[in-house]
Amino acid sequence: MIKPLKIVVSGPVGAGKTTFIRSLSETEVVDTDADATEDIGKAKTTIALDFGTLTVDDSPIYLFGTPGQDRFDFMWEVVCEGALGLIMLVSGTRPGDLGRARAILEFITSRIPVPFVIGVTHQDLPKVWRPDDVADYFQLPYDRVFGVNATDGDTCMDVIHSIIALANEARNGNPVVQP
Ligand SMILES: Nc1nc2c(ncn2[C@@H]2O[C@H](COP(=O)(O)OP(=O)(O)OP(=O)(O)O)[C@@H](O)[C@H]2O)c(=O)[nH]1
Ligand SMILES: [Mg+2]
């Protein structure tokens, strides 16, 4: 059996990590959503991880989602163990969370030299931050930042194809070059 490619989906609270994995997974998603105990603008939040699977071009992909809340940050390293690619999601409706997204990105990539792409969710809504705005914020090339509607698998697949290409380079022994 081909070893599955492990991809982590991370980002701040409400970025759409659980929704993204649910939209893509071909198997029933294992989630750990529980009632939020503080006001985070929604009823449920991930407390440990999300897990889903899909197959792309005959290759098995494992998707692991992290919790967004700070108080579960001890889970990030656990969830990221062995990952070959990282998808950072930020919501276009929550530009105030970009600093938080940057902190998570630095936390993970400083511990695991993993290639990453960024998805800006909620692109189906008007007046949200667009991928180019977020690329400028992170000073990243525009082709590393994708507009996503996490409730719709089509836009999520663009992100998956991009991270698979980067992850395969890393898997083939090429050094991970962060932009
Ligand atoms: N319209 C729209 N709604 C979205 C999108 N992504 C997520 N949502 C909604 O936003 C809310 C939060 O999404 P979640 O998937 O729970 O976010 P999360 O990143 O897993 O959040 P935590 O687990 O709390 O960190 C849910 O009500 C989703 O349905 C999107 O791209 N467009
Ligand atoms: Mg979640």
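Is Thr18 buried or exposed? Select Thr18: this residue is buried, with a relative accessible area of 10%. Buried means under 20% relative accessible area, exposed over 50%, partly exposed in between, with a 1.4 Å probe and protein chains only.

You are looking at a predicted model, where local features need pLDDT of at least 70, side-chain atom pairs count only at pLDDT 80 or more, and totals for chains, interfaces and linings use all residues. Residues are numbered from 1 along each chain as its sequence is written, chains are lettered from A and ligands numbered from 1 in the order written, and side-chain values use heavy atoms, without hydrogens and water.

**Stop 1: the magnesium ion**

Select ligand 2. Thr18 (OG1) and Thr46 (OG1) coordinate this magnesium ion at 2.0 to 2.1 Å. Thr18 lies in helix 1 (residues 17–24) and Thr46 in strand 3 (residues 44–46), 28 residues apart. Helices (H or I, at least four residues) and strands (E, at least two) are DSSP runs, numbered from the N terminus. Donors are N, O and S atoms within 2.8 Å of the metal (3.2 Å for Na, K and Ca); water is not among the atoms, so sites may look incomplete. Thr46 is buried too, at 6%.

**Stop 2: ligand 1**

Now show the 19 residues around ligand 1; Lys17, Thr19, Thr45, Asp124 and Ala150 come nearest. Here, a residue counts if one of its heavy atoms lies within 4 Å. Color helix 1: with three residues, this helix gives the most to the shell.

**Stop 3: oxygen distances**

Draw distances from oxygen atoms of ligand 1. One is 2.8 Å from an N or O atom in the Thr46 side chain. A polar backbone atom of Ala150 is 2.7 Å from a ligand 1 oxygen.

Key. Polar contact = N/O pair within 3.5 Å; in protein donor to acceptor, adjacent residues only side chain to side chain.
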